Each structure stands twice: as structure tokens, then as C-alpha cells.
Amino acid sequence: MKWITRTSWCILSIFLISAVFGRDVLCGAVEKVVPLRRIADAHKLQIIPSSQGEFILRRGDVKFAFKNASRTFSVNNVKILLGFPCSIRRRQSSILYSDYIAHVLPFLSPKKNYSQTPITVVIDPGHGGNDHGTVCNKLQEKMIVLDVAKKVATRLSAKGYKVLLTRTTDTFVPLDQRTNFANKCHATIFVSIHCNSAEARTASGIETFILTPYGQPSSSKNFQSPRDLKTFSNNKFDASNLLLAYQVQKNLTQQAHALDRGIKRSRFQVLKGLNCPGILIECGFLSNPNDRQKLISEQYRQILAEAISSGISNFLN
């Protein structure tokens, strides 16, 4: 009989723990797995049968829909990406405890963690100056997002909010200066506005990004790495980030009748150092002919601005 090395024994032990106690192993740590039925019991959620292979939970005006083997779930039909897929564990649909904390609990126990008076909204038009952003058919992202940002500012100012922009002209502003500007102004929230691009011209729709929570992979990755085990200033606002993104993404997709690409996670530099809730919006794909044609339209940019300002107001009220 061959000797089992210490490393092999440690690996075997970890998998035994996972199998027996219903836990997952992430970067050497063992994390709890939470059955969706347990979440329903704890929060008095109704379990609704579905013929679409979904696990649906509802309480009042909040409805969650999960799918096994998928990172995508929805809240009131707004798509959100989990850190890890929903999966069958011990014959029960389950999610990791970190996903429960980061993506489910904020909707069941919403809390506002801002108290500034007056409320200050910082709008960040992406790129500028020699940084054109994405360019397609001579259409420059930096000019589109500046126009949308100004329209958002006008609408929010009319509602009584104090609104500041990180740039008001076609000038280059480094990412760290945008973050520092928001912090020095004691911003209540920060909203960065961008347009998207992809090699596949079929890619279309609107998506909203928030900072990735500690210990979770960003939405563009399918696995956890040691680099995910780092906390940034903005992680103090993980729950508020999600609720702000939800309100804005919901209004954008509904009012603009755009494809919902979901609320996603990334460790974007402009978000990491914020001392307030913050989001980054991708308003559509300049690389997609249909999205591009809409973004050229003054009327469509007005619709985007109204949707963004409505989402912000919904969050702040």
C-alpha cells in the first residue's frame, strides 16, 4: 500500500468535509452552503412552483428566481449575477452563504447607509480628452456619455439634489482623480456612465457594474483566485451598491426597452476607493448596429437620462 502524502490527505479531508457538511472549499477556506428552502423559512418567503426549472421565492413585492447550475438569478425580473452558481447540494437547491449575504439579504433587509444633507450626487462621464473610449464609425463614447451625464444632472437638479460632474467638457480626468473628487465632495452616491463594445457585433443591451465583494470572483471569471481575497474602501457599501444598481438597471431596461444584461461585479479602479455607494453603467454597445443607432439619437439619450435619474431618485427616497 502506497503512503498517502500529507498534501493528498489534506485535499482528501477538505473534500470529505464538503461532502458531509454541505460546504464548499474556496481558496483553502470552507464556506457554508445555504439551501434556498432554509432562506425561505428564515425570511417567511413563499415558495412558488415553476414549470421553467426555476426555484422561485416571493415575499410581498420582492420575487427571487434561481436556476440550478447558473450564476444568473433575478429579482423582480432584473438579472443579477451571483458569485458562484446555484447548485444541488444534498438534494436541495442551494447557494453559497457569501452569495446569500451579498445578493439576497440586501433585498430582504434593506438599509440606507448615508445621511448627508444635502444629498450630493456625483455623475462621472467616462473617458474624455485624448481618451476617446470606444469608437465606432467615428462615433466616440466620450461625447455620448458626456451628453447623457449632463442630461442626468439637469433632471436630478430639478428634483432638488446637489449634482456635481467629474468633467463638464471634453477633458481627460485620471481615474483616481474621479474617485478623489467624489470623496472630497462627500458624495452620497457616485454614478459612472459608459458605452460598451465587443468583438461580436451581436452583443447588445445594458448592464450595470458594482464592486466585487471580498472573496468572490468578478462576473467575468468562473473561479476564485487569491486576488479576490482583498477588501477595498467601497466594499463597506456592498449592500447599497447592489440596491442602487438594481433601481438604475430596472429603470433603464424598462424605459429604454433594452436587453437586460444584468447587474455584474468587477473591481474597476474608479469604484474601489469610493467612500459612498457607486455604480458603473454600460448604456449599450457602440459595436452593435442597433444599439449604436439608438445612442446616436438625441431622444434615446434623453430616455436613458430620465431612466438613470429615476433609478437614482428611487434609491435615495
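Reader: Why is I206 called buried?

Author: This is a predicted model. In it, I206 has a relative accessibility of 0%. Buried means under 20%. The value of 0% falls under that cut-off, so I206 counts as buried.

Reader: Where does I206 lie?

Author: I206 lies in strand β14, which spans residues 206-210. The C-alpha atoms of I206 and Q249 are 7.7 Å apart. Along the chain, these two residues are separated by 43 places.

Reader: What makes I281 buried or exposed?

Author: Its relative accessibility is 0%. Buried needs a value under 20%. Therefore I281 counts as buried. I281 is found in strand β16.

Reader: Which residues does I281 touch, not counting residues up to four places away in sequence?

Author: I281 touches V191, S192, I193, H194, E207, T208, V248, L252 and I308. Contact here means heavy atoms within 4.5 Å. Another residue to look at is A245: its C-alpha atom is separated from that of I281 by 8.5 Å. The two are 36 residues apart along the chain.

Reader: How do you know whether L304 is buried or exposed?

Author: Set the value against the cut-off. L304 has a relative accessible area of 0%. Under 20% is buried, so L304 is buried. L304 has its place in helix α9. Leaving aside neighbours within four places in sequence, L304 is in contact with V148, I206, L252, A256, C283 and L295. The C-alpha atoms of L304 and L252 are 6.4 Å apart, although 52 residues separate the two along the chain.

Reader: What makes A69 buried or exposed?

Author: A69 has a relative accessible area of 72%. Exposed means over 50%. The value of 72% passes that cut-off, so A69 is exposed. A69 lies in the loop between β5 (62-67) and β6 (70-75). Its phi is near 65°, a positive value in a residue other than glycine.

Reader: Where is H127 found, and what is its phi?

Author: H127 is found in the loop between β9 (120-125) and β10. Its phi is positive, about 65°, although H127 is not a glycine.

Reader: Which residues of α2 are buried?

Author: In helix α2, residues 36-43, the buried residues are L36, I39, A40 and H43.

Reader: Why are they said to line one face of the helix?

Author: Look down the axis of α2. The buried residues fall within an arc of 100°, so they line one face of the helix. On the other side of α2, R38, D41 and A42 are exposed. After α2 comes K44, with a positive phi near 55°.

Reader: Which residues of α8 are buried?

Author: D291, R292 and L295 are buried in helix α8, residues 289-296.

Reader: Why are they placed on the same side of α8?

Author: They cover an arc of only 100° around the axis, which puts them on the same side of α8. The face turned away from this buried side carries the exposed residues N290 and Q293.

Reader: What do the buried residues of α8 pack against?

Author: They pack against β10 (135-136), β11 (139-140), α4 (141-158), β13 (189-196), β16 (278-285) and α9 (298-316).

Reader: What makes N288 a cap of α8?

Author: N288 caps the N-terminal end of α8. One of its side-chain oxygens lies 3.0 Å from the backbone nitrogen of N290. A polar contact needs a pair of N or O atoms within 3.5 Å.

Reader: How are two packed helices described?

Author: By the angle between their axes and the distance between the axes. Take helix α6, residues 238-255, and α9. Their axes come within 8 Å and cross at roughly 145°. The crossing of α6 past α9 is right-handed.

Reader: Which residues of α6 and α9 meet?

Author: From α6 come S240, L243, L244, Q247, V248, N251, L252 and Q255. In α9 they meet I303, L304, E306, A307, I308, S310, G311, I312, N314 and F315. The residues of this contact divide into 10 nonpolar, 7 polar and 1 charged.

Reader: How many helices and strands does the chain have?

Author: The chain has 9 helices and 16 strands. Of its 317 residues, 55% count as buried. Among contacts between residues at least 6 apart in sequence, 70% join residues at least 24 apart.

Terms used. Residues are numbered from 1 along each chain as its sequence is written. This is a predicted model: local features need pLDDT of at least 70, side-chain atom pairs count only at pLDDT 80 or more; totals for chains, interfaces and linings use all residues. Side-chain values use heavy atoms; hydrogens and water are left out. Buried means under 20% relative accessible area, exposed over 50%, partly exposed in between (1.4 Å probe, protein chains only). Helices (H or I, at least four residues) and strands (E, at least two) are DSSP runs, numbered from the N terminus. The arc is that of the directions from the helix axis to the C-beta atoms. A polar contact is a pair of N or O atoms within 3.5 Å; within protein, one must be able to donate a hydrogen and the other to accept it, and residues adjacent in sequence count only if both atoms are side-chain atoms. Axes are lines fitted to C-alpha atoms, for helices over the stretch in contact, and angles run from 0 to 180 degrees between N-to-C directions. A crossing is left-handed if the near helix is turned anticlockwise from the far one by less than a right angle, and right-handed if clockwise. Ala, Val, Leu, Ile, Met, Phe, Trp, Tyr, Cys and Pro count as nonpolar, Asp, Glu, Lys and Arg as charged, and the others, Gly among them, as polar.
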